[in-house]
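Q: I have a chain open and want to go through it piece by piece. Can we start with how you use your terms?

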Amino acid sequence: MRSLIKLALLLLAAILVYNYFFGTSEEKTQSKEVFKKTGDALGAAWNILKSEKQKFDAGKYDRVLDQLGGAYKAIRERAQYVDEKVLRRLDELERRKASLEQQLDSMETQDAPAPQPARKKGLKSDAGDTTAAKQADNQRRKEALQRELDQLIRDTEVLLKQAQEE
């Protein structure tokens, strides 16, 4: 399946390049438009990645996790007034928070730039492909982490409401 997708993309690129240089004026215009839009899309994606990296570096996730920790501490301090069911749920939420913190720490250590080996003259380098793949993978992991964090916040809000009612 992967090979089929790569083949289709390669074929599409070949058609666009052919039309750009050897096509009719309409085909040339169409190819130029596709190249322009592709460049714009890649530029926008790059800007999003840079923005998320800056937020990540600025501690976007750390602040939220610290706030959750404070909320959990407040519930624990009032433990004598809270139902046992709420305490078990709190334990589960704290485990999820610890897991998210561990994943965040892991991502931060992987985001540190690795030294690039010296390239020998005349050899083709796959470093660009590898870097792009790593960046895309890191972006997917960050998005998944954000979804998990959002769900944890929603679950915490439910728990806080439940603790206040009891």
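A: Partly exposed lies between buried, under 20% relative accessible area, and exposed, over 50%. By that scale arginine 140 is partly exposed, because its relative accessible area is 49%. The model is predicted.

Q: What does arginine 140 meet in a salt bridge?
A: Its partner is aspartate 137, at 3.8 Å from N to O.

Q: How many salt bridges does a search of the whole structure find?
A: The search finds 8. One of them joins aspartate 40 and lysine 36, at 3.6 Å from N to O. That pair sits in helix H2, 4 residues apart, about one turn of the helix. Lysine 36 is exposed, with a relative accessible area of 53%, whereas aspartate 40 is partly exposed at 47%.

Q: Let's step back. How many helices and strands does the protein chain have?
A: There are 5 helices and 0 strands, so the order from the N terminus is α-α-α-α-α. Of the 166 residues, 20% count as buried. The accessible surface comes to about 12,600 Å², and 57% of that belongs to carbon and sulfur atoms.

Q: And the contacts: what share join residues at least 24 apart?
A: That share is 72%, among contacts between residues at least 6 apart in sequence.

Q: Now the largest nonpolar core. Which residues touch the most other members?
A: Leu65, Leu68, Tyr72, Leu100, Leu152 and Leu159, out of 14 residues in the core. Helices H3 (60–77), H4 (84–111) and H5 (127–165) each supply at least two residues. H4 gives the most, with 6 residues.

Q: Take leucine 68. What is it in contact with, leaving aside its neighbours within four places in sequence?
A: Leucine 68 is in contact with Lys97, Leu149, Leu152, Ile153 and Thr156.

Q: Over to H1. Does it lie buried or in the open?
A: Largely in the open, because the number buried is 2 of its 21 residues. At 1.5 Å a residue H1 should span 30 Å, and its end C-alpha atoms are 30 Å apart, which agrees.

Q: What about rings: how many aromatic pairs does the count come to?
A: The count is 4 aromatic pairs. Tyrosine 20 and phenylalanine 35 form an edge-to-face pair, 5.6 Å centre to centre with 80 degrees between the planes. This pair links distant parts of the chain, with tyrosine 20 in helix H1 (residues 2–22) and phenylalanine 35 in helix H2 (residues 25–57), 15 residues apart. Tyrosine 20 is partly exposed at 31% relative accessibility, and phenylalanine 35 is partly exposed at 36%.

Q: And why is the pair of phenylalanine 21 and phenylalanine 22 tilted?
A: Their planes are at 55 degrees, with ring centres 6.5 Å apart, so the pair counts as tilted. Phenylalanine 21 is exposed at 53% relative accessibility, and phenylalanine 22 is exposed at 62%.

Q: Which residues do ring pairs link into a cluster?
A: Tyr18, Tyr20, Phe21, Phe22 and Phe35.

Terms used: Residues numbered from 1 in each chain as written. Predicted model: local features only at pLDDT ≥ 70, side-chain atom pairs only at ≥ 80, totals over all residues. Heavy atoms only, no water. Phe/Tyr/Trp six-rings, centres within 6.5 Å; stacked < 30°, edge-to-face > 60°. Buried < 20%, exposed > 50% of the residue type's maximum accessible area, 1.4 Å probe, protein only. Expected span 1.5 Å × (residues − 1). Contact = heavy atoms within 4.5 Å. Areas by Shrake-Rupley, 256 points an atom, 1.4 Å probe, with all protein chains shown as cover. Core = buried A, V, L, I, M, F, W, Y, C linked by side-chain atoms within 4.5 Å. Salt bridge = Lys/Arg side-chain N within 4 Å of Asp/Glu carboxyl O.
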